[in-house]
Amino acid sequence: MENEMIVALYPKVVADHANMTWTPYFMRELWKEYRLFQQSMLSQNEHENKIDGSMFNGTLKAVYEKAQIIGKVQQSQIKPQSNPSKDKTTSSKKGKEARVWHKEGEQEVTSASMAKLDRSRNDISGSGASDDPMEIAENSPALMEARAAYLPAANEVPTWEEEDQLRLVDDEENGTDGSGAGWGGSLKGMMNQISGKVLTQEDLEEPLKEMEKMLAGKNVARDIAQEICGNVKAKLVGRKMQSFTRVKTAVRQALEVTIEKVLKPGMGRGGSDSVDVLRDVISKRERGGGFFGKKEKQRPYVIVMVGINGVGKSTSLAKIAYYLKSNGCNPLLAACDTFRSGAVEQLNVHAKCLNVPLYHKGYAKDPAAVAKASIEHATQEGNDVVLVDTAGRMQNNVPLMKALSNLVVQNKPDLVLFVCEALVGNDGMDQLEMFNKALRSGGHTRKIDGIILTKFDTVSDKVGAALTMTHVTGSPVVFCGTGQKYNHLKKLSVQYVIKALFA
């Protein structure tokens, strides 16, 4: 039958779910998968026909109503064994109390009403309490789906361990002239004509103009492009290059110096030229050793993740937790987004996938107080790093920005990371500056320590935006997210940037 689908369910499944409220979602998801499959088959056969999904919508309601009838009939047919001692208890039990939500503008939002709506417990997830709403069954569909989406395969190499495939060696060493594809090929088109003589500024004027134009096309800020071209000029003027390979070597050296200077602006904590999260966590942990090698309880390394709504803070936090755990650290996740509905549950799913503890206090709580309690708990439990998830907020939301400032000022984290999308452009710099301004409010001097760029796998050769953001803000790019899985996390290397700029 064309464009029709039959779903068979065991009677016991139907009987256990007599109201069948899940049927519309289940059927619709099946239909989506079927449409994708059939569309793929049609495209392989080079057909122009498109699948019309509207024919399914008309039957969905009928299927739902029929399923309810079947469910009730099946439930009446499968009668449990009667137990007089339990009948009285069962009859006296009340059903689950319906949750009444405030309709906008009709009721006043009070502390009592917020507490009534908060069904989470002021407890640690995974404590073993059967009535904890944060407890997720191992075979729950949500957890199974999340594990399939986020956990890497057993033999999958983490992105941070993959080396950038870029040959930046002198071409004389391998006998090539650098005329092929890649960064050397595009460079030769600009500078091949200037080899074989002592170079002057006039000789370099046109090639460097072309280079600056090409860099601008890769989203590199004008002042950075000019600095790159200036360093190249300083390397070449007054020198005689016998071949293009000599020119290429000099240009490579100039590029490495300039780009490394941009990527490591010296704004890391403690005055270091970069932020190395793993190094800093291990260093702080080792400082906790007492006399005779006895470990003393010490405050863990604290990382706070900030950013606007929907940029991937929670997923990036989970990736860093996976990265640290894979390298021998013992992380704890702190659910300090007490504002957005579902935020605690989302982070709890990540914690279950990672098999790491989650500290939460539910919703409508002071995020600064939750963060403080999580740090104290991690100190007692021996966790060496706490990753604090915060509520996404627009940079012009004054109350939420003030709450973020309070969280950072009161808890004094070791690292504050700003999360934004790789293709956000100039708006990302405006966002980061507003977050910096919020952290400095009240006379404080704290700033954003580093940047995490999400969806970096979508930027292609537009890597110049990352250079520009680091250059303008003075905050280094600590990690780049390159996919959905936990191991899709990498550092922004000088070699990768050069390859992307001159590809």
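**Helix packing and aromatic contacts**

Helix α6 passes helix α14 in a right-handed crossing (the near helix turned clockwise from the far one by less than a right angle). The contact, defined by heavy atoms within 4.5 Å, involves Leu-143, Ala-146, Arg-147 and Tyr-150 of α6 and Val-349, His-350, Lys-352 and Cys-353 of α14. These residues comprise five nonpolar, one polar and two charged. The axes of α6 (residues 141-150) and α14 (residues 343-354) come within 10 Å and cross at roughly 70°, which means that α6 is roughly perpendicular to α14 (65 to 115 degrees). The model is predicted: local features require pLDDT of at least 70 and side-chain atom pairs pLDDT 80 or more, whereas totals for chains, interfaces and linings use all residues. Residues are numbered from 1 along each chain as its sequence is written, and side-chain values use heavy atoms, with hydrogens and water left out.

Among the residues in contact are Leu-204, Leu-208 and Met-211 of α9 and Ile-228, Val-232 and Leu-236 of α10. The contact divides into nine nonpolar, two polar and three charged residues.

Seven aromatic pairs are present in the structure (ring centres within 6.5 Å). Tyr-150, Trp-160, Tyr-322, Tyr-323, Phe-479 and Tyr-486 form one aromatic cluster. Lys-490 lies over the face of Tyr-496, at 4.4 Å from the ring centre (for Lys, NZ within 6 Å of the ring centre and within 35 degrees of the ring normal).

Methods
Axes fitted to C-alpha atoms, helices over the stretch in contact; angles between N-to-C directions. Helix = DSSP H or I, 4+ residues; strand = E, 2+ residues; numbered from the N terminus. Parallel < 35°, antiparallel > 145°, perpendicular 65-115°, else oblique. Nonpolar A, V, L, I, M, F, W, Y, C, P; charged D, E, K, R; others polar. Phe/Tyr/Trp six-rings, centres within 6.5 Å; stacked < 30°, edge-to-face > 60°.
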